[in-house]
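Subject: Structure handover and notes

Hello,

Please find below the structure we talked about, together with its sequence. My notes on it follow.

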Amino acid sequence: MDKTWVNSKETSSPDYIEGILNFVNFTFEKSAKAGKILCPCRRCANLIWCSKEEVVDHLVEKGFLRNYNWTSHEKDSAVVNSSENRNEEEIAFNHEMRGLLQDAFAGVNMEDSIPNEVVDSFNSEREGSNQEPSMSGNDMDGFFNLLKDAGQKLYPNCEESKLAAVVHLFHLKCLNGWSNKSFTQLLEYLSSLLPEGNVLPKSYSETKKIIRSLGLSYEKIHACPNDCMLFWKDKANDDFCSECGASRWIVNTNIEEDSIDCTMKKKKPKAAKILRWFPLIPRLQWLYMSSKTASLMRWHDEERTKDGLIRHPADSLAWKHFDEKYPDFAVDPRNLRLGLASNGFNPFKSMNVTYTTWLVILIAYNLPPWLCMKQPNLILSLLIPSPKSPGNKIDIYM
């Protein structure tokens, strides 16, 4: 099959259109499943099943995927093993757990390896005297636990692994806003339905321990109830705000002042306000550790259409002015351009309650416009609990 048309920059040219039609006809004849194939456009990235008309539209509008593996459509054996009636959402959840672990633990080569070989490679790395280990002991323990879960069947003769099932269920919990209690009840019920010998976690806490090993956790930092300061770093052990004098702890007003100190010693005090901080650097590192997103982070420079029209923030005057002012930063397209947004929301989904939580979100503008504003690519940075808006004092948390 002639493939020279793939590199054409004119997606509306007759040669490109003819090449698309020949490719689509050939592919649907050889490897279509229920009238669909994995779409090789730059947006779908050979991950979403589409009809013939959708594939043609996507390839004309978005262009052909770079570094495309042609054998994935030319051979039936390379098509994902699935029933013909599986829909797009089910296929999108066909997690490649070993690829996920390789992205999470970049120091490990997972290609064609088995757990024993990985263990041997880490042992030899630990014993080496001239090189620092690429992962700490805690990271290695977490990696081996995840690797075990990725290879362990959910129940005997099941096609799904324990890790894939946990990631899938936890993803649904986050997307649909399930409470921790309802998630635990669901796990208990599913466990009772599954065959004997299943290894599905029985509670939210067990699931969280598995997910935490992937490395994207958060830290709790106590804050002044009046948004004056954070009890952090050199002030981590203070009990009162250095600006307004407010107590760091929830104080029971029914107790006499003389007995407050005694009560706090007997019972562990509760913080009046707790900031949830999601460290940014590990999340940015994940964008480049993942084989699926590393190339997309250079899209704004390498693949963006540069014809003077504004289709992406990189086409704006502000972006160009920044490049002129900081040429050393602009010379490398991998350098991150982040947008920041903040707003309050009611965590209880009840308009009768005035309590609000303020979140700070970062947007990676390096990504293509059809990806950078999608929910999975928005980076949650801060969660600020407060009965009212922090207003200008939000700078304290930045």
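How many bridges join strand 4 to strand 7, and do the two strands run parallel or antiparallel? Two bridges join strand 4 (residues 274–277) to strand 7 (residues 378–386), and the two run antiparallel. Two strands are said to pair if DSSP finds at least two bridges between them. Strands (E, at least two residues) and helices (H or I, at least four) are DSSP runs, numbered from the N terminus.

Before the rest, a word on the source. This is a predicted model, in which local features need pLDDT of at least 70 and side-chain atom pairs count only at pLDDT 80 or more, while totals for chains, interfaces and linings use all residues. Residues are numbered from 1 along each chain as its sequence is written, and side-chain values use heavy atoms, with hydrogens and water left out.

The sheet

Strands of a sheet pair through backbone hydrogen bonds, either parallel or antiparallel. Here, five strands form an open sheet in the order 3-4-7-6-5, with antiparallel pairing. Its edges are strand 3 (219–222) and strand 5, each of which pairs on one side only. On average, neighbouring strands of this sheet are turned by 20° against each other, direction ignored. Such angles run from 0 to 180 degrees between N-to-C directions, and axes are lines fitted to C-alpha atoms, for helices over the stretch in contact. Within the sheet, Arg276 has Leu383 of strand 7 as its bridge partner. Helix 12 (residues 280–289) lies across strand 5, strand 6 (356–364) and strand 7, and runs at about 160° to strand 7. Contact means heavy atoms within 4.5 Å.

Helix 8

Helix 8 (residues 162–176) has 15 residues and reaches 21 Å from its first C-alpha to its last, close to the 21 Å expected. The expected span is 1.5 Å times one less than the number of residues. Among the buried residues of helix 8 are Leu163, Val166, Leu169 and Phe170, and also Lys162 and Lys173. Buried means under 20% relative accessible area, exposed over 50%, and partly exposed in between (1.4 Å probe, protein chains only). After helix 8 comes Gly177, with a positive phi near 70°.

Positive phi outside glycine

Asn157 also has a positive phi, near 70°, though it is a residue other than glycine. Asn157 sits in the loop between helix 7 (137–151) and helix 8, and is exposed at 80% relative accessibility. Asp227, not a glycine either, has a positive phi of about 60°. Asp227 is in the loop between strand 3 and helix 11 (260–266) and is buried, with a relative accessible area of 5%.

Salt bridges

Side chains of opposite charge can pair when their charged atoms come close. A salt bridge is a side-chain nitrogen of Lys or Arg within 4 Å of a carboxyl oxygen of Asp or Glu. The whole structure has eight of them.

One joins Asp323 and Arg337, at 2.7 Å from N to O. This pair links distant parts of the chain, 14 residues apart: Asp323 is in helix 14 (residues 317–325), and Arg337 is in the loop between helix 15 (327–330) and strand 5 (338–345). Asp323 is partly exposed at 23%, and Arg337 is buried at 10%.

Another joins Lys62 and Glu61, with the closest N and O atoms 3.3 Å apart. Lys62 counts as buried at 18%, whereas Glu61 is exposed at 57%.

Regards
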